[in-house]
Amino acid sequence: MSILLNRKTKVLVQGITGRIGRVQTKWMLDYGTNIVAGVTPGKGGQEVEGVPVYDTVAEAVAERGAEASVFFIPPKAFKEAARQTIDAGINLMVVITEHIPVHDVMEIREYASEREVRVIGPTTPGIITVGEAKMGIMPANMFSPGRIGVISRSGTLSYEISINLTTAGFGQSTVVGMGADSVVFASIPELLKLFERDSDTDLVVIIGEVGGVQEENAAQFIDRWMTKPVVTYIAGHNVPEGKRMGHAGAIIQGEHGMGIPQSKMAALREVGVDVAMYPAEVVELVKRHLTPS
Amino acid sequence: MKLYEFEGNDLLRREGMPVPDYALAATPEEARERAEALGLPVVVKAQVLTGGRWLAGGVQTAYSLEQVEEEARRILGLSIRGWPVQQVMITPKVDNVREFYLAVTIDEYHGTPVAVLSAAGGVSVNRIALERPEEVASRYVSVIKGLLPSEARRMCRGVGLRGAEVSRVANMLSALYRVFRNYDALIAEINPLARTSKGDYLALDAKVEIDDDSLYRHPELTLSLDSRIPNLLERKGREIGVTYVELDGDIAIVASGAGLGMASMDIISRRMRPANFLETGGAITAELMYNVMDLVLRKEGIRAVFINVYGGINPIHEGAKGVVRYMKEHQVTIPVMAKALGNHQEETWEIFRNNGVHVVNDVSTEKGVEQLALLLEGEK
C-alpha cells in the first residue's frame, strides 16, 4: 500500500504554468504520477504536457476529482492558495515552496488541522512512492522499489541515503521529505505512525539534522509505539552555535544548546534505534535487520 | 533578522507600549550631550545584536556627565560576543519596584505562538521556570484567533498578580502579542517590564527578531539586513544568494542542499578540516556557481574544493559550466573534486572531466572525501 501517495492518487499541480511547475510536471508524469489537473489563476483553459489547467482548485476538484495537490507557487501567494485548496476539499497538500513567512505557515497549519487536511513541507522535495508516483522534485534515478520507509528533514540527504540504499540492494517504499523550515506542517512521529501501519514497509530510516526537537519527540514515539526497526543519521555534528545552517530550522540556540545533534542521537539510541555516524553507514545498520534483494 | 534594542523599543511604542525616552550616541562626547538633555542619572547601554550585555559590562548606570563620558568611552571600546559596540543608548534611570518578564515566541514543534509571563523579571526565565515554576505562566495562542484579553488576564492571575495589576500587565501582554503578529516576529520579549515607584509601567529592554522571509511585506521597517552580518564572507554569500558559514579549516565545501552540506562537514572533519559550510538551495545556475567558486576561494589557504550536488530541482549541468569557467579564467590549480548525481548527471560529469575537475565515481560522500584525501596526500 505504501503511505500517503500511490499510482491511483489523483494529483493536482498548483503553479503548473510556471518555469519550475512545467518541468517538474513532465518529470512527475514520466514517473507515472496520475496528474489530473493543474491550477494557475488566470490561465484556465490552457494545457501543460496534456494536463488541463483551471483557474481555481474548486473547478479542478469538481471536474477532475483531484484529491492531492503539489505546490510550485511563489511564497507570497501561498496563504491564499492554501486556504482555497483546503476549502475545496483536497486532503493532502505537498508544499515545495521555500521562504514562506513562518506566520503564514502557522496560520495554515491551524486551519488545516481543524479540517483534518494533511500537509507536508514547506521547503520539501516532496513525497515519492517508489515505482508508483511522486509529488515533488526528487530525481527519480536515486530510488528503487523496496520495503524501507524514509523520513528526511533534508532533501539532498534523502537522495544521498536513498541512492546508497539502492546501490546496496535495498529499495524504498515511500520517501517523505519533512520540510526544512523551523515550523513544518507534519511531525516525524505522525509519519512514523503511518509507516508502522503500512504493510509494505519493514524498516524506517529517519534522516535528521541539527535544530529543533523533532528527533527527540520521535524517540518518545518509537519507545511507546514502534515495533519496526528504525535506523537514523543526524547531520551537523559540529556546527557553530547560533548560525542557521541553510535551513531555517537548522540552528543551535539558547543557553541550553537546544537542537544539538548529540542529544538527538542519545535520545534515539536510548530507545533502541541504530544511529549511524555518517550517511553511508545507514546501509550497514540496515543490514542488521534486512537482507538485500 | 535581529533588531537592536532601540529598534525594538520603537516597535513597542507603535503598538501602545510605554517605553522610556532614549537617545543614541556613537562617541563619548555625544553620549554626554544626550545625557545632559535627558537628565541624570542615566543608563548607558551597548547596542549589539546579542545577549550577555550585562555580563560583558555593556550596561552601566552613570550619575554624572563625566561618568557618562567615561562609561560610554569604555563601552564603545567593547566587543561583545564578537560584536563591536558601535552605538550606545542613553536612557533615564528608572526606579523600579517590581519587574516582570513577558515574551511571545514560537513553539516550533507544535507550530504555534506561545505567550510567556513571569512575575520575576530581569533574570533568566528558564532558570525561574525550573526553580520556581509557580512564578511562570505560558500558554499556546491560536494564531487565527489571537491572544484573547481573558487569556492574558488568566496568565496574570496564574503568576499571582491581583487587583489593578492584572489588567495593566494583561494589556502589556496583548500589546506585545500585537508586535509579534503585526511585524512577523520570531520572538518579541520584554525583560524586564518595570513597575516604577510612581506606579507606571515601562518596558526596559526589548528583544525582537523578525522573520527574514517576511521582510518583503514590511516596508515600514527600513532596516538593512546586510549590516547585521559581521562576517564579510557570510555577507557576500547572502548577496549572491547562498548560505555561507565560515569555519576554521582549509577544505572548501559547496553543496546543493543544507543537509548534504552538513553531512559533508561531518565526513570531512574525520580526517581534514572544512573551511566553510555553503549551500546553494534550489537556485543553481552557471552564474551562481561561478560566484560560489569566487566566494569559497576568497578565504586564505584553501587546499581543495569539494563540490557535492544533486540534480533534483537544480540544473547541475548548468552549474558545472559556471564552475569550469571560473577555473579557466582564474587558473585554479588546487584540486577540485565533484560528486554530482541526479537529473543530467552524465552531462555534468562530462563537463567536469573535460575541464580538470575530479569526478567522484561512487554514490557515497564518504568515498568522495576518501578520494580527495588520497589526492591531497599524493601531492605532498
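Biologist: How many residues of chain B are in contact with residues of chain A?

Modeller: 45 residues of chain B are in contact with 58 residues of chain A. This is a predicted model, where local features need pLDDT of at least 70, side-chain atom pairs count only at pLDDT 80 or more, and totals for chains, interfaces and linings use all residues. Residues are numbered from 1 along each chain as its sequence is written, while chains are lettered from A and ligands numbered from 1 in the order in which they are written.

Biologist: And what makes two residues count as "in contact"?

Modeller: Their C-beta atoms, placed from the backbone, have to lie within 7 Å. The 45 residues of chain B meet that criterion with residues of chain A.

Biologist: Which element gives the largest share of the side of chain B that touches chain A?

Modeller: That's H8(B), with nine residues. Helix H8 (258–268) is one of the elements giving two or more residues to that side; the others include strand E16 (304–311), strand E17 (336–342) and helix H12 (365–379) of chain B. Helices here are DSSP runs of H or I with at least four residues, strands are E runs of at least two, and both are numbered from the N terminus.

Biologist: How many residues on that side of chain B are nonpolar, polar and charged?

Modeller: 19 are nonpolar, 19 polar and seven charged. Ala, Val, Leu, Ile, Met, Phe, Trp, Tyr, Cys and Pro count as nonpolar, Asp, Glu, Lys and Arg as charged, and the others as polar, Gly among them.

Biologist: What are the domains of chain B?

Modeller: Domain 1 (21–92), domain 2 (96–217) and domain 3 (231–379). The bounds come from an automatic or database domain assignment. The C-alpha centres of domains 2 and 3 of chain B lie 45 Å apart, and the C-alpha trace of the chain spans about 80 × 50 × 40 Å along its principal axes.

Biologist: What makes E7(B) and E8(B) a pair of strands?

Modeller: Two strands pair if DSSP finds at least two bridges between them. E7(B) and E8(B) have seven, in the antiparallel sense, so they qualify. In E8(B), the bridge partner of B:Ala103 is B:Val116. The two strands form a hairpin with four residues between them, and B:Gly111 in the turn has a positive phi of about 65°. Strand E7 (residues 96–107) is also joined to E10(B) by eight antiparallel bridges, where B:Arg98 stands opposite B:Arg195.

Biologist: Over to chain A. Why is E10(A) described as largely enclosed?

Modeller: Six of the eight residues of strand E10 (residues 145–152) of chain A are buried, so the rest of the structure largely encloses this strand. E10(A) pairs in the parallel sense with strand E11 (residues 172–177) of chain A over five bridges. It also pairs in the parallel sense with strand E12 (residues 203–209) of chain A, over five bridges.

Biologist: What makes a crossover such as the one through helix H5 (residues 155–167) of chain A right-handed?

Modeller: With the strands pointing away from the viewer, the path from the first strand over the helix to the second has to run clockwise. The β-α-β unit of E10(A), H5(A) and E11(A) is right-handed, so by that definition its path runs clockwise.

Biologist: And what is the order of the strands in the open sheet of seven strands in chain A?

Modeller: The order is E3-E4-E2-E1-E5-E6-E7, with mixed pairing. Strand E3 (47–48) and strand E7 (118–120) stand at the edges; each has a single partner strand, so one side of each is left without a neighbour in the sheet. Strand E1 (residues 11–14) and strand E5 (residues 68–71) of chain A run parallel, joined by four bridges, with A:Val13 opposite A:Val70 in E5(A).

Methods: Buried ≥ 20, exposed ≤ 12 C-beta atoms within 10 Å, placed from the backbone.
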